[in-house]
Amino acid sequence: MVTWDARLPSVIGEREAKRLEKERGLRTVGDLVQFVPTRYLDPERPAAMADLTVGESSVVVGTVVSAQQVPMRNQPRRKRLVVQTRDDAGGRLTVVFFTAFGHTTRLVPGARVMFIGTVGEYRGALQMTHPDYVVLESAGEEAGAFAEPAEGLIGLYKEVKQLTSVQVGQAAAMALHALDEAPDVLPPSVAAAQGLTATEAWTLLHRPADWSDVQRARARLRFSEAFELQVVLARLRARHEADPATPRP
């Protein structure tokens with residue numbers, strides 16, 4: 001178990017910790033836990049490819065139509081993987097990986113895949129570059145095999161270069177798993193009445209099963225903030241009342 005002030009490299013690894021510190025100034029477990037998603041995507045309600053908007057993060061589900069390794073223009077020995085996909089409504093999306101290794105055996109024609117990423121555009125066609133993905137139904141040698149889809153809502157975080165939102169969420173989950181206890185301003189009796197500990201509230205914000213988890217966690221943390229403010233105000237009032245004063249008839 002680690003403390004709220006523990007340094008990130010010892011918990012989530014050097015590479016991720018360096019990116020988080022450089023891009024967002026996150027140095028400790030507490031910093032990362034408080035770096036919560038700005039919004040969420042529901043993998044059970046994927047967007048239609050024809051309705052995607054350039055610049056927005058989206059979840060789509062489609063079937064791989066083709067997958068080709070294409071030599072880089074300036075580095076012919078290196079190849080990128082260009083995957084053409086189509087959803088059930090007939091919409092199309094190009095998915096590109098500039099490093100083909102690790103993807104060629106999974107992203108094969110016939111595979112049904114859920115992609116999570118930011119929508120871009122290249123030569124008039126919608127495109128995702130290096131998205132996260134889950135193979136829902138494999139094809140080829142592993143035809144008929146299924147992978148477990150992502151559970152719960154997918155949190156979207158403020159941009160961290162070279163890390164996807166899913167990777168940031170995984171790092172936060174690792175930090176929460178290792179964390180001994182998140183600090184809580186509420187007395188135990190008041191915290192118990194709220195139904196969630198501070199640690200549970202932070203966990204639900206990073207890994208909610210559904211929208212009710214997000215609402216419960218936000219309400220719990222708002223209550224903590226309001227409680228802390230009221231305690232500060234009560235102390236100020238008590239100090240002012242205790243100050244000696246000269247009667248002024």
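Reader: Which elements do the buried residues of H6 pack against?

Author: The buried residues of H6 pack against helix H3 (29–33), strand S1 (39–41), helix H4 (165–178) and H7. A few terms before we go on. Helices (H or I, at least four residues) and strands (E, at least two) are DSSP runs, numbered from the N terminus. Buried means under 20% relative accessible area, exposed means over 50%, and partly exposed is in between, with a 1.4 Å probe and protein chains only. Packing here rests on contact, meaning heavy atoms within 4.5 Å.

Reader: And what sort of model am I looking at?

Author: It's a predicted model, where local features need pLDDT of at least 70 and side-chain atom pairs count only at pLDDT 80 or more, while totals for chains, interfaces and linings use all residues. Residues are numbered from 1 along each chain as its sequence is written, and side-chain values use heavy atoms, with hydrogens and water left out.

Reader: Back to H6, then. How many of its residues are buried?

Author: Seven of the nine residues in H6 are buried, so the helix is mostly covered. The buried set is Ala-198, Thr-199, Ala-201, Trp-202, Leu-204, Leu-205 and His-206.

Reader: How do I read a helix pair? At what angle do H6 and H7 pack?

Author: Axes are lines fitted to C-alpha atoms, for helices over the stretch in contact, and angles run from 0 to 180 degrees between N-to-C directions. H6 (residues 198–206) and H7 (residues 211–242) pack at about 135°, with axes 8 Å apart. As for the labels, under 35 degrees is roughly parallel, over 145 roughly antiparallel, 65 to 115 roughly perpendicular, and the rest oblique. H6 and H7 are therefore oblique to each other.

Reader: Is the crossing of H6 and H7 left-handed or right-handed?

Author: A crossing is left-handed if the near helix is turned anticlockwise from the far one by less than a right angle, and right-handed if clockwise. The crossing of H6 and H7 is left-handed.

Reader: Which residues in H6 and H7 meet?

Author: From H6 you get Ala-198, Ala-201, Trp-202, Leu-204 and Leu-205, and they meet Asp-213, Val-214, Arg-216, Ala-217, Arg-218, Arg-220 and Leu-221 in H7. By class, the residues of this contact are eight nonpolar, no polar and four charged. In that scheme Ala, Val, Leu, Ile, Met, Phe, Trp, Tyr, Cys and Pro are nonpolar, Asp, Glu, Lys and Arg are charged, and the others, Gly among them, are polar.

Reader: Now the charges. How many salt bridges does the whole structure have?

Author: A salt bridge is a side-chain nitrogen of Lys or Arg within 4 Å of a carboxyl oxygen of Asp or Glu. Searching the whole structure turns up six. Among them is the pair Glu-23 and Arg-19, at 3.0 Å from N to O. Glu-23 and Arg-19 sit four residues apart in helix H2 (residues 14–24), so about one helical turn separates them. Glu-23 is partly exposed at 25%, whereas Arg-19 is buried at 13%.

Reader: What is the N and O distance for Arg-27 and Glu-21?

Author: In that salt bridge the closest N and O atoms are 3.2 Å apart. Arg-27 is partly exposed at 40% relative accessibility, and Glu-21 is partly exposed at 35%. Glu-16 also forms a salt bridge, with Arg-15, where the closest N and O atoms are 3.6 Å apart.

Reader: Last topic, backbone angles. What is the phi of Arg-123?

Author: Most residues other than glycine have a negative phi. Arg-123 has a positive phi of about 55° although it is not a glycine. Look for Arg-123 in the loop between strand S5 (112–122) and strand S6 (125–129), where it is exposed at 69% relative accessibility.

Reader: And where is Gln-162 found?

Author: Gln-162 is in the loop between strand S8 (154–156) and H4. Its phi is positive too, about 70°, although Gln-162 is not a glycine, and at 56% relative accessibility Gln-162 counts as exposed.
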